[in-house]
Amino acid sequence: MFWRVAQNIGEVLWIGDPASKRLVYISPAYKLIWGRTGEALLSDASSFLDTVHPSDRYRVTAFRDRAFRGIKGEEEYRIIRPDGVITWIRDLAFPVRNEAGGLEHIVGLAVEITERVQREQQRSQAAKTEALGVLAGCLAHDFNNLLTSILGNASIALDTVADSHPATPLIQDVISSSERAATLVSQMLAYSGKGRFFNELVDLSRIADDFLRDVTDSVPANIQLRSDLASGLPRVEADRHQIRQMFGNLYLNALEAIGDAPGRVTVTTGFESIGPDSCVASGDGPDSSREFVYLRVVDTGCGIDDAIRPRIFDPFFTTRFIGRGLGLSAVQGIVRAHGGLIRVSSQLGKGSAFSCLLPVAP
């Protein structure tokens, strides 16, 4: 009975000999979860650590040492399958003692928990995003009130002095700096979803076309700008200026990703119907099947490293020497405020694709 259970359960059952610190049995589920044969592990127990993610090996080593000393415990860690897929494991170890109390065997059960870990990470990211959004919104409103006073008084002062007055250039600097600060505040409000919105029915392709016409003359010489804008798209209910800001931030992000090297930026629009299980990078998603119109910006730039991908929408996070790290944060805020979602795909050294999906208007 025990043999049939061990051979058919979906979790990995393993048994170790504390004297030799070697495994004496491992169930067939090991091949399904680890993607490797149990025979290889039984012949060389040390090869197990080669399957563990390098960052987790020190914890797994300590866990195994405790287990073979007869200490009950558990550990969560990552393994890397032969196909490169990273899988989360929860491993439990129990001592088995004989009638005299001596340690006879170690029995363990390894369970795959990848989906649970991903759900926890998504909830954590969503909570962090919400908290940052509240903070950014409160700060932005306070700064906005201060800037309104500064700009108003500086404008009045400029009108009351002659152009030749020594204070004129100083007042102009105050106004210029305040306007740049106002742009920063606008980005913060966009991220928090508390910007001023004047929604109307808009054609996403037309907004994209107008933007591309405006930037055609300023495209860097090393960049090829291409577009494939769908005609006859369903309208979306959105703020035209916010959508243009979203587009502008994605465009600038693409240019910065390419830098001075020759590259290409491709802009496309289209229609897509998706379900509630669609995966999104920002952690936001629809609660039921819905119809969307998308704006996609694809670049052939440096790509995004997997280690920093979870942080690309964090406010003030940037890997570049230019910018304040609010561009993608503002994009996320604008998309979220319109009830949409974001998809990101990227390959290091080959470029990235950002897709903003906005719900079709009823």
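This note sets out, point by point, how the chain of this predicted model is packed.

1. Basis of the note. Because the model is predicted, local features are described only at pLDDT of at least 70 and side-chain atom pairs only at pLDDT 80 or more, while totals for chains, interfaces and linings use all residues. Residues are numbered from 1 along each chain as its sequence is written, and side-chain values use heavy atoms, without hydrogens and water.

2. Overall composition. The protein chain has 10 helices and 12 strands; these are DSSP runs numbered from the N terminus, with helices being H or I of at least four residues and strands E of at least two. Of its 362 residues, 39% are buried. Buried means under 20% relative accessible area, exposed means over 50%, and partly exposed lies in between, with a 1.4 Å probe and protein chains only. Among contacts (heavy atoms within 4.5 Å) between residues at least 6 apart in sequence, 62% join residues at least 24 apart.

3. The largest nonpolar core. A nonpolar core is a set of buried Ala, Val, Leu, Ile, Met, Phe, Trp, Tyr and Cys residues joined through side-chain atoms within 4.5 Å. The largest one holds 37 residues, and Ile-243, Met-246, Phe-247 and Phe-354 touch the most other members. Elements that give two or more residues to this core include α8 (204–215), α9 (240–258), α10 (327–337) and β12 (351–359). The largest contribution, eight residues, comes from α9. A separate core of 21 residues includes Val-12, Trp-34, Ile-89 and Ile-106.

4. Phe-354. Beyond its neighbours within four places in sequence, Phe-354 is in contact with residues including Leu-250, Leu-295, Ile-312, Leu-328 and Val-344.

5. Helix α8. This helix has 12 residues and spans 17 Å from its first C-alpha to its last, close to the expected 16 Å; the expected span is 1.5 Å times one less than the number of residues. Its buried residues are Leu-204, Ser-205, Ile-207, Ala-208, Phe-211, Leu-212 and Val-215. They lie on the same side of α8, because they cover an arc of only 160 degrees around the axis; the arc is that of the directions from the helix axis to the C-beta atoms. An α-helix has 3.6 residues a turn, so residues three or four places apart point the same way. On the other side of α8, Arg-206, Arg-213 and Asp-214 are exposed. The partners of the buried residues of α8 include β7 (223–228), α9 and β12.

6. Helix α10. Eight of the 11 residues of α10 are buried, among them Leu-328, Gln-332, Gly-333 and Val-335. Just after α10, Gly-339 has a positive phi of about 75 degrees.

7. Aromatic pairs. Rings of Phe, Tyr and Trp (its six-membered ring) pair if their centres lie within 6.5 Å; planes under 30 degrees apart are stacked, over 60 edge-to-face, and the rest tilted. There are five such pairs. Trp-34 and Phe-48 form a tilted pair, because their centres are 6.0 Å apart and their planes stand at 45 degrees. Since Trp-34 lies in α2 (residues 29–34) and Phe-48 in α4 (residues 48–51), this pair ties together parts 14 residues apart in sequence. Phe-48 also pairs edge-to-face with Tyr-77, at 6.3 Å between centres and 85 degrees between planes. Phe-48 is buried, with a relative accessible area of 7%, and Tyr-77 is buried at 0%. Ring pairs join Tyr-30, Trp-34, Phe-48 and Tyr-77 into a cluster.
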